[in-house]
Amino acid sequence: MSKRTPTATLRTSRASLLAAAIGVVLGSISVAATAADPTLSPQDYEKSKAIYFERCAGCHGVLRKGATGKNLEPKWSKKKADGTVEEGGTLKLGQERLEKIIGLGTEGGMVNFNDILTKEEIKNISTYIQMEPPAPPEWGMKDMLASWKVIVPPDKRPKAPETKRNLDNFMSVTLRDSGEVALIDGDTKEIVNIVKTGYAVHISRMSASGRYIYVIGRDGLLSLIDLWMAKPEVVATLKSGIDARSVDTSKFAGYEDKYAIVGTYWPPQYVIMEGDTLKPLKIVSTRGFTVDGEYHPEARVASIVSSPHKPEWVVNVKETGQIKLVDYSDIKNLKEVTIESSKFLHDGGWDASKRYFLVAANASNQVAVVDTKEGKLAAIVDTKPKPHPGRGANFVHPKYGPVWATSHLGSDVVTLIGTDPEKHPQHAWKVVEELTNHGSGSLFVKTHPASKNLWVDAPLNPETEVAESVSVFDLNNPEKPAEVINIAKLADLPAGKAVKRVVHGEYNAKGDEVWFSLWAGKTEPSAIVIMDDKTRKVKTVLKDPKLITPTGKFNVHNTQHDVY
Ligand code: DHE
């Protein structure tokens, strides 16, 4: 890559709303650009930097080396197997082409941004990515301790639940663009509270007891919510990093509610903390070598899952393809098993027995399977482009026995992988069937042990009709073509500019309702559509104006017990 002469040092403008929202990542950062290169005014640069962090870094990386999304460095070169060198980069693609890709999206799973960003923003971000990427600062123990807040200490919290509500069926709903979660009573459908959490809040996970919800924001802010309070509130926070996506807790017997772990995208590391106060205890870097033996400076932590059978977390390192089994029985003398799998690890879930963890290596078009009993890789399964399971879906296939399902960002199939090496060894870790989804651009599949349906979304499909619909498969007869239901129409919201993307089905605790989010623009009405699982008809639509950009929904029971 070409070296450039730094000509300007740009500082975060307090006036920039977005920049303020993501805090320290946008602190003072040097920018390298020469007069001949694409340039932006300091204000547009700061705004584009914030948009890049908010909308693009997750897929393309802070250093823009690419993962789920393509490499976006201004210039890159790579040696091919035949010894020739391939060159590329955003400078080569050029302004016009970049604006087109960002505006319209691609069939490969890149969403169209023309309903999310203004024309001016698309123009500026296209210029911004032709400039050298700035590296954000590190984030160590001193920074974490300085950020750590215990708002209600454990001894001042309730000794027993202060509510008669059925906490087992609460839903923690991500309100993505307002940086909040809505706590909804799944039985009465009332919003019990809306609490402030991290910016562009991402996921919620439960403590083993079901009392605490851990919510991670993209800014690395971890919020701990105590469900036992009459009105559940945030009782502790920790800024665990600068950019984060995953959190889990210690679920093995004897360690319930004792520890939590956050995996960060930047800096690339994980942090272990006390479960009830969030006091940080240990930070472990994940920078290192890929399965190909190349050093990667941005080896980000993607999914984390907690074993019910051992004091162990499965920590998936995206860029390196290394899966860490982290033994939390002795934090001071921490033991890690490092399993080589496949690069670009992203999201995944347990098989029905919770012995095997299946994780999408999405940009490698593979699913890696870890045998957590043996502490070994069980298989790497080739799939259609860009598998994206969420946590996947487990069911017993009438022909192939127990299977785990994933849908795909880059293909319109739903892949079924056999998961029972003991009773169905001929199907284990093989793609036994590919069902046809109503489009590509899918993010999540969902079923429940009490259900005979498999629900599949496609929110990132560039076609509005597809993005606003779901496919429902009959698990008694999976080959039968899916019923396609336009969920957005059922909500009967006023027409707006933004596509009402239907995202993330989540069951209630009993498994007789499926909740879908309509993820529209920040200033446009959104909703949660609750479907009756048996009849596949709409049951209720939650349209409260406080539900701003709802996306992920985490049912307490299903999240606590990994039911999917
Ligand atoms: Fe997610 C899970 C990363 C964008 C909603 N997402 C995950 C996980 C990772 C991840 C690593 C697994 C966590 C775990 O299990 O420990 N997500 C990323 C990204 O890097 C990406 C692609 C881009 C980004 O900039 O963040 C991204 N994710 C999104 C969204 O835009 C979604 C659709 C809406 C939102 O609210 O952000 C979104 N991601 C989710 C949800 C889950 C998730 C709902 C949990 C699924 C579950 O059922 O458990």
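Tutor: The iron atom of the ligand has a single donor from the protein, the NE2 atom of His202, at 2.2 Å. The model is a predicted one, in which local features need pLDDT of at least 70 and side-chain atom pairs pLDDT 80 or more, while totals for chains, interfaces and linings use all residues. Residues are numbered from 1 along each chain as its sequence is written, and side-chain values use heavy atoms, with hydrogens and water left out.

Student: What makes the NE2 atom of His202 a donor to the iron atom?

Tutor: Donors are N, O and S atoms within 2.8 Å of the metal (3.2 Å for Na, K and Ca); water is not among the atoms, so sites may look incomplete. The NE2 atom of His202 lies 2.2 Å from the iron and therefore qualifies.

Student: Where in the secondary structure is histidine 202 placed?

Tutor: Histidine 202 is in strand S9, residues 201–206. Helices (H or I, at least four residues) and strands (E, at least two) are DSSP runs, numbered from the N terminus.

Student: Which residues come nearest to the ligand?

Tutor: There are 25 residues around the ligand, and His202, Arg218, Arg245, Tyr265 and Thr551 come nearest. A residue is near a molecule or strand if one of its heavy atoms lies within 4 Å of it. The shell divides into 9 nonpolar, 9 polar and 7 charged residues. Here Ala, Val, Leu, Ile, Met, Phe, Trp, Tyr, Cys and Pro count as nonpolar, Asp, Glu, Lys and Arg as charged, and the others, Gly among them, as polar.

Student: Which distances to an oxygen atom of the ligand are found for arginine 245, tyrosine 265 and threonine 551?

Tutor: A polar side-chain atom of arginine 245 lies 2.6 Å from a ligand oxygen. For an N or O atom in the side chain of tyrosine 265 the distance is 2.6 Å, and for one in the side chain of threonine 551 it is 2.5 Å. Helix H2 (42–60), S9 and the strands S13 (243–249), S19 (301–306), S23 (345–350) and S39 (550–555) are the elements that give two or more residues to the shell. A polar contact is a pair of N or O atoms within 3.5 Å; within protein, one must be able to donate a hydrogen and the other to accept it, and residues adjacent in sequence count only if both atoms are side-chain atoms.

Student: Why is serine 306 called buried?

Tutor: Buried means under 20% relative accessible area, exposed over 50%, and partly exposed in between (1.4 Å probe, protein chains only). Serine 306 has a relative accessible area of 1%, and is therefore buried. This residue is in strand S19. A polar atom of its side chain lies 2.7 Å from the backbone oxygen of threonine 249, and one lies 3.3 Å from the backbone nitrogen of lysine 251.

Student: How do you know that valine 195 is buried?

Tutor: The relative accessibility of valine 195 is 2%, so it falls under the cut-off for buried residues. Valine 195 lies in strand S8 (residues 191–196). Not counting residues up to four places away in sequence, valine 195 touches several residues, including Gly179, Ile225 and Val234; contact means heavy atoms within 4.5 Å. The C-alpha atoms of valine 195 and valine 234 are separated by 7.0 Å, although the two are 39 residues apart along the chain.

Student: Why is S29 described as largely enclosed?

Tutor: 6 of the 6 residues of S29 are buried, so the rest of the structure largely encloses this strand. Val413, Thr415 and Ile417 are buried on one side, and Val414, Leu416 and Gly418 on the other.

Student: What joins S29 (residues 413–418) to S28?

Tutor: 4 bridges join S28 to S29, and these strands run antiparallel. Two strands pair if DSSP finds at least two bridges between them, so this is a pairing. Tryptophan 404 has isoleucine 417 of S29 as its bridge partner. S28 and S29 form a hairpin with 4 residues between them.

Student: Which other strand do 5 bridges join to S29?

Tutor: That strand is S30 (residues 431–436), which runs antiparallel to S29. Valine 414 has leucine 435 as its bridge partner in S30.
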